Amino acid sequence: MDVNIIALGAGIAIGLSALGSAIGQGLAASAAAGAVAEDESLYVKELTFAVLPETQSIYGFIIAMILIAFAFGLIQL
Amino acid sequence: MLIPKPLYEVICIFPQKYTDRLLIELGKEEIIQIKEFKEKYKKVPSIDSPLIKTNNVVKALMRLDYIVDKLKIPKSDSIKEIDSPVKSAEEIVNEIEQAHSTIKDRINKDIKKTHTLTLYLEFVNSIKKIKFREKDVSFLIATEYKEWKSIKKGLKKENIVYSSIKKRISGEKVLRLLSIKIENEKYAENRLTDLNYYKGKIRDIESMINKEIKLAEKRIKENKDELEKLPGEYSLSVYSLKEKLELKLKILENKRKFLCSEFITLINCWIARSDFKRLKKIISKETENNYIIYKEKPDIRDNPPTKLSNFFLFEPFEMLLEGFSLPGYKDIDPTFIMGLFFPLFFGIMLSDAGYGMLLLLISFFLIFKKGNMKKFGEILLICSVFTLATGVYFGSWFGFNFTESYINPLKKPIELMVFSLVVGVFYVNLSLILGLVQSIIKKDWNFLFNEILLWLIFEIGIVFLIFPEIFSEHTNLPLHTIFLTGPVLARIFSKGILNILDFPKFFSTIISFIRLSALAMSTAWISFAINLIYRLTLKFPKGIYIGIIVLVLGHLFNFAFNTFGSFLQAMRLHYVEFLGQFYLGKGEKMQIFSIKK
């Protein structure tokens, strides 16, 4: 298979998932900032909520890594 | 280490004039959390009041005196130590009364039996001279008239009664001797099934009765001996209890008088059990020994506060747990686990020996600060050691690779990803095991089955699915189907169809650990890119100056960005993936009473 297309796929996988994560993280972080302004003791908890949407970009990262690994023969079925 | 410090709830009452100096001392020592404080405390405490206790002690003493008088328990020369004397007194009096009445009953029963048997014997002796036919068999029975009437009817009908001699013994009971033809013996036995009878020749019946009388007399003698020994057996326990109760009564009387004073202060507080002796010493010193103190194990319904207690290396990580939520009084304290794995995860994610050294320098600067900054510095110090270790193993120094290793974020990313997944499986299972232990300790069976065992069974199903050969030699049962569908059905029935989504969530919890490799790769690749730009700048005239600026600023940026990221992600892995499996976190921090200068 064409390595260029696989590389493009990997880029799209990580790019789109990171975009989604960024939007989610932005929403969560802005709400968290509001909550922390009300109660400072919530800082650690809210920080955790803010990083929660990052999991989706991890999934994108896994897909990208698997695609790259296949393309360059690092793993084989 | 794995549970918060055990506490005591303490009530201390002392004269009001000592209040200020005692509070100052307690404030300096910083060992208690005050729950209730009352000055000019007039009312006798309703629970554990000395008055109620006095009544109980007096009651127990009266019962002991009664039993000593009744059984003439001999005085004991020695005394033994007894815990909770009031309860023990109650138990021992009941035990003695029970034993005494059981033996008495046995004696009375045997005396009555001997008396009846003697009457039987007299009757047999009186009719011994009568000559019975050799082939006949005799039955000696004691019946009431109505009973006899029905028996007689049956016997006569068959014309089997040869002779019947009778004698009234007591009340309505009449003793009879029936002489029956030997061929009708079985029939007669069936008719007399419900009665006690002696059967045989008249001489045999006489010897039978004699034997029974002797046996009964022997039993009476044995029981009387036992009854005589009984008071002696309980002498030590009874007199030890009496002495202890009399002493307790005196103490309680004094306490009661003391509590009637208007000028007293009451402090109700929580304290770590290990600090109780120290508290008592302070109170004793500051009140010149004029105090009453009660301690008891806290009732979980009172929501006792949580005081964490960990090995000094893990202590800084208490701050991270506090940031999330403290464990309840009897819950598992996961600080010890976090203290081991937080720096490890951090180290894997930062994974550069050069950055580890930079972090070490910063942490040295921070640990000389005070309060939370110092604790944060200590956490960073431990994290930097782990980062240095992983960096050395990966052979990575500011993005330059010097040695080969089995896993490496730049050269062997797939191996690193697999390693991250293995860490994830291990860590999620560790949290499930902690949950298992916690729910067994708390007897929370619902949580145990629905949140812990369900996942463990599901995991076993996955193992069977991946490695079907494990049990295929021993059984033909589709084990993986049973182990996989069982938990799914259990989830649907216990929590509803929508909660089936918890199963993909369980996988995502494990997959989430791949961020360990993702962050490690991010650090390594950004370092690699900075180093690449530096090499490119060298191609320009005097590019070395720009190159050094790029190198310094680039690595500083990468260090700051990825240190923050690694810390945050390590925290997230603990808060969401680890604690999320079992941690209830409903504890409240122990608010130590302190007086600052």
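The contact between the two chains draws 15 residues from chain B and 14 residues from chain A. The model is predicted. Chain B holds 18 helices and 10 strands.

**Side of chain B that touches chain A**
- Four helices of chain B each supply at least two residues here: H8 (318-324), H12, H17 (515-537) and H18 (543-582).
- H18(B) gives the largest share, 5 residues.
- By type, this side of chain B has 10 nonpolar, 3 polar and 2 charged residues.

**Helix H12**
- H12 of chain B covers residues 413-441, 29 residues in total.
- From first C-alpha to last, H12(B) reaches 42 Å, close to the 42 Å expected at 1.5 Å a residue.

**Open sheet and the helix across it**
- In chain B, 4 strands make an open sheet with antiparallel pairing, in the order S2-S7-S1-S8.
- S2 (32-39) and S8 (292-296) of chain B are the edge strands, and each pairs on one side only.
- From one strand to the next, the twist averages 15°.
- S1 (residues 7-15) of chain B pairs with S8(B) over 5 bridges, in the antiparallel sense.
- Opposite Lys295(B) in S8(B) stands Val10(B).
- Helix H7 (residues 276-286) of chain B lies across S1, S2, S7 (264-272) and S8 of chain B.
- H7(B) runs at about 5° to S1(B).

**Chain B overall**
- Chain B has 597 residues, and 31% of them count as buried.
- Take the contacts in chain B between residues at least 6 apart in sequence: 79% join residues at least 24 apart.

Conventions. Residues are numbered from 1 along each chain as its sequence is written. Chains are lettered from A and ligands numbered from 1 in the order in which they are written. This is a predicted model: local features need pLDDT of at least 70, side-chain atom pairs count only at pLDDT 80 or more; totals for chains, interfaces and linings use all residues. The expected span of a helix is 1.5 Å times one less than its number of residues. A residue is buried if 20 or more other C-beta atoms lie within 10 Å of its own, exposed if 12 or fewer, and partly exposed in between; C-beta atoms are placed from the backbone. Two residues are in contact if their C-beta atoms, placed from the backbone, lie within 7 Å. Ala, Val, Leu, Ile, Met, Phe, Trp, Tyr, Cys and Pro count as nonpolar, Asp, Glu, Lys and Arg as charged, and the others, Gly among them, as polar. Two strands pair if DSSP finds at least two bridges between them. Axes are lines fitted to C-alpha atoms, for helices over the stretch in contact, and angles run from 0 to 180 degrees between N-to-C directions.
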